[in-house]
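Subject: A structure for you to explore

Hello,

Here is the structure I promised to pass on to you. Have a look around it first, and then read my notes below.

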Amino acid sequence: MNMRGQLVATVEALMQEDERLVTLLGDIGVFGFRKAFEQFPERIYNIGILEQATISLAAGLASTGLVPVVHTIAPFLVERALEQLKIDFCYQRLGGNFISVGGSYDYAALGCTHHCPADVILLRTLPGMEIVVPGTANEFDSLFRQSWANGNPTYFRLSESQNPVSFEQHFGKATVVQTGSKATVVVVGPLLGTVMEAVEGHDITVLYYTCLAPFDGETLRQHCSSNRILLCEPYYSGTLLQELHNALGPRPLTIDTVGMPREFLEQYGHRQQHDQALGFTAEAIRRKLEPLCQ
Amino acid sequence: MNRAETIIRAMKRDIVTAAAQAGEGHIASAFSILDLLWVLYDRVLRIDSTAPDKEDRDRFILSKGHASLGLYAVLCRKGFFPPEHLQGFAGLASPLGGHPHRTKVPGVEASTGSLGHGLPMAAGMALGMKIRRSNARVYALIGDGEANEGAIWEAALLAAHHKLDNLCCLADYNHSTDRALNMGDLEAKFKAFGWQTCAVDGHNHDDIFRGLGSTAVGKPLAIIAHTIKGKGCARMENQPAWHHRAPNPDELVEMLEELS
C-alpha cells in the first residue's frame with residue numbers, strides 16, 4: 001500500500017475508534033475517504049481551498065477538545081498557512097495533525113508552484129511543532145497512532161517513494177540500522193532505501209530518522225565517534241545541520257550533505273528524473289561517502 | 001447616568017490608568033468596543049468566572065486583539081482576575097499582554113493579535129460545539145480594518161456553508177482604516193456571503209442587545225456595530241494619532257477628569 005492509501009486506512013480506523021478525531025480535506029483525497037464520509041458525516045469535511053482559515057478553524061475545533069487532522073498539498077498547507085500553524089497551534093499550545101502530500105518535487109510535472117522542499121526547514125522554526133517524515137506506509141501508520149492525540153501540533157510528510165523495508169517505530173527515537181567505524185550517515189524518511197544500497201559492504205553507521213522534531217540527539221551522540229557525517233535529506237539540503245550541532249556540541253566535525261539545492265527546479269518531467277539529476281541515487285551517495293571515509 | 005454607563009466610565013478610567021502606567025496600549029480601539037463587550041458579558045454570555053473552562057460555556061474571541069485593554073477591563077470587572085493584574089498591564093511578568101494570550105488569562109479563549117485569525121478560530125469552535133451537540137454559542141469581535149484580511153472572508157464562507165447559526169461576528173465599524181481601504185457596506189458584504197445581519201449603534205446598549213438577539217436558524221449572525229474610535233474621550237475620538245499611544249501624566253489627569 002502507498003502512503004496515501006495508508007493515510008485513509010489509518011485515519012478511518014481511528015475515526016471508528018475515537019469520536020474526537022475530525023478530518024478536514026483541502027479538496028484532495030475526497031474519493032479515497034468516501035467510506036468515512038458515509039460513516040461519519042459530522043466528523044469529516046471537504047473543507048475547500050482556503051488553507052489559512054482551515055488551519056484556524058482546526059485550532060477552534062481543537063480548543064473544544066476535538067483532534068483535527070488536516071490534509072492537503074504541502075506548499076499550501078505549510079507555506080500559505082505558516083502563520084496560522086505558528087500562532088493558532090504552536091503559540092496557543094493546541095494539538096492537531098497536518099498531513100501533506102507533494103513534498104519536495106513529488107508533483108514534478110506540475111512545476112514550482114506545487115513543489116515544497118522548504119516545509120521541514122520552515123516548520124523547524126515553530127516552537128512546539130513536531131515533524132514526522134515516515135519512510136513507508138507502515139511506519140506512517142505506527143507513528144500516527146502513537147502521536148495523533150498527544151496534544152501537540154504534528155506535521156506528517158507523506159511521500160510518493162517508499163523504502164523497501166519498514167522499521168519498528170518509536171516516536172521521537174532514531175533507528176540504528178547498522179554500525180560501523182568510518183562515518184555516520186544520518187538519513188531521513190524515504191531516502192533510506194537508496195542509502196542502504198550506497199553503503200552496502202562499507203564500514204559505516206546508518207542512523208534512520210523519521211521523527212525530526214523532537215530530534216533524537218542522544219542516538220546520534222552515541223553513534224558518531226568518527227566525527228564524520230553524511231546528512232541525507234529528501235528536501236532542502238542541510239535542514240538538520242543545527243540539530244547535528246545541538247546534539248554533538250562544539251567539536252570538529254566533517255560533514256557533507258545530500259539534499260535539494262536552494263533553487264527553483266524549473267524543469268518538469270518525472271520525480272525519478274529529478275532524483276537522478278539531484279544526486280538522490282546510490283551511486284551519487286557513494287561518491288559523497290568515499291572522501292568522508294578516507 | 002445609569003448603572004451601565006457608570007461602569008463603562010469606570011472601566012475607561014481603569015484602561016487609561018493602566019495604559020499610562022505601562023506606557024503602552026491601544027486605548028482608542030478599546031473604547032470603540034467597550035459597550036459591545038459590556039453588553040455581551042453582562043447580558044448575553046453564559047459564562048462563570050469561577051469556572052472559566054466549563055465545557056459548555058459560551059465563548060468570546062477578541063479577534064482584533066490589540067483592543068485587549070477593553071477585554072481585560074471587562075474580564076476584571078466580571079471577576080476573572082483581580083484589579084492588580086490590570087494595573088500591571090504589559091509588565092514583564094504580567095499575564096496581561098498587549099495582545100491577549102489564552103494560556104495566561106482566565107476567560108481569554110484565543111491568542112489573537114495577528115489580524116484575521118479570530119473569526120476562523122471562532123468558526124472552528126462553533127463547528128466543534130455542533131459536533132459535540134452543545135448549545136453553547138460563539139462570539140467573535142473583528143475590526144473593520146481587520147476585515148481587509150482574506151481569512152475573514154474565508155471564514156465567512158465556511159460559517160455560512162456549514163450553517164453555523166451558533167456563531168456571531170460583531171464588526172466594530174469605526175472607519176479608522178477607511179484611509180487605507182474603505183470596506184464600504186459591510187452589512188451587504190456579510191449578507192452576500194449568506195449571513196443573517198443586523199446593523200446597530202455600537203454605543204447603545206439596548207440596540208446592541210436587540211441586535212444580538214436577531215438570530216436566524218441555519219445562518220451565522222453578523223452584527224455591524226457603528227462605533228466611534230476613542231468614544232468618550234474628546235481628544236481621542238477619531239484621532240489616528242491615538243491608535244497606539246499611552247497618555248502622558250497631564251493627559252491622564254485630563255482624561256480621568258473627563259471620564260469621571
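Let me start with a term: the bounds of a domain come from an automatic or database domain assignment. For chain A, that assignment gives domain 1 (3–157) and domain 2 (175–293).

Before going further, please keep in mind that this is a predicted model, in which local features need pLDDT of at least 70, side-chain atom pairs count only at pLDDT 80 or more, and totals for chains, interfaces and linings use all residues. Residues are numbered from 1 along each chain as its sequence is written, while chains are lettered from A and ligands numbered from 1 in the order in which they are written.

**The two domains of chain A**

The centres of domain 1 and domain 2 of chain A, taken over C-alpha atoms, are separated by 26 Å. Domain 1 of chain A puts 24 residues into the contact and domain 2 of chain A puts in 22 residues; two residues are in contact if their C-beta atoms, placed from the backbone, lie within 7 Å. On the domain 1 side, the elements giving two or more residues are helix 6 (119–123), strand 5 (130–132) and helix 7 (137–147) of chain A. Helices (H or I, at least four residues) and strands (E, at least two) are DSSP runs, numbered from the N terminus. That side of domain 1 has 14 nonpolar, five polar and five charged residues. In this count Ala, Val, Leu, Ile, Met, Phe, Trp, Tyr, Cys and Pro are nonpolar, Asp, Glu, Lys and Arg are charged, and the others, Gly among them, are polar.

**Where chain A meets chain B**

Here, 22 residues from chain A and 23 residues from chain B make the contact. Which elements give two or more residues to the chain A side? They are helix 3 (51–63) and helix 5 (82–91) of chain A. Helix 3 of chain A provides the largest share of that side, nine residues. By class, the chain A side divides into 10 nonpolar, seven polar and five charged residues.

A residue is buried if 20 or more other C-beta atoms lie within 10 Å of its own, exposed if 12 or fewer, and partly exposed in between, with C-beta atoms placed from the backbone. Just after this helix, G65(A) takes a positive phi of about 100 degrees.

**The nonpolar core**

A nonpolar core is a set of buried Ala, Val, Leu, Ile, Met, Phe, Trp, Tyr and Cys residues joined through C-beta atoms within 7 Å. The largest one has 169 residues, of which V185(A), V195(A), C232(A), A123(B) and I223(B) touch the most other members. Helix 2 (residues 27–44) of chain B gives the most to this core, 11 residues. The contacts of A123(B), leaving aside its neighbours within four places in sequence, include L57(A) and G60(A).

**Strands side by side**

Strand 3 (residues 67–73) of chain A has seven of its seven residues buried. Strand 3 pairs with strand 1 of chain A in the parallel sense over five bridges, and L25(A) stands opposite H71(A) there. Two strands pair if DSSP finds at least two bridges between them. Five bridges also join strand 3 to strand 4 (residues 96–101) of chain A, again running parallel, with I73(A) and V101(A) as bridge partners.

**Some single residues**

Is A183(A) buried or exposed? A183(A) is buried, because 25 other C-beta atoms lie within 10 Å. A183(A) sits in strand 8 (residues 183–188) of chain A. A183(A) and C293(A) are 110 residues apart in sequence, and their C-alpha atoms are 6.1 Å apart in space.

D27(A) has a positive phi, near 60 degrees, in a residue other than glycine. D27(A) counts as exposed, because it has 12 C-beta neighbours inside 10 Å. Lastly, the peptide bond from A213(A) to P214(A) is cis, with omega near 5 degrees.

Enjoy exploring!
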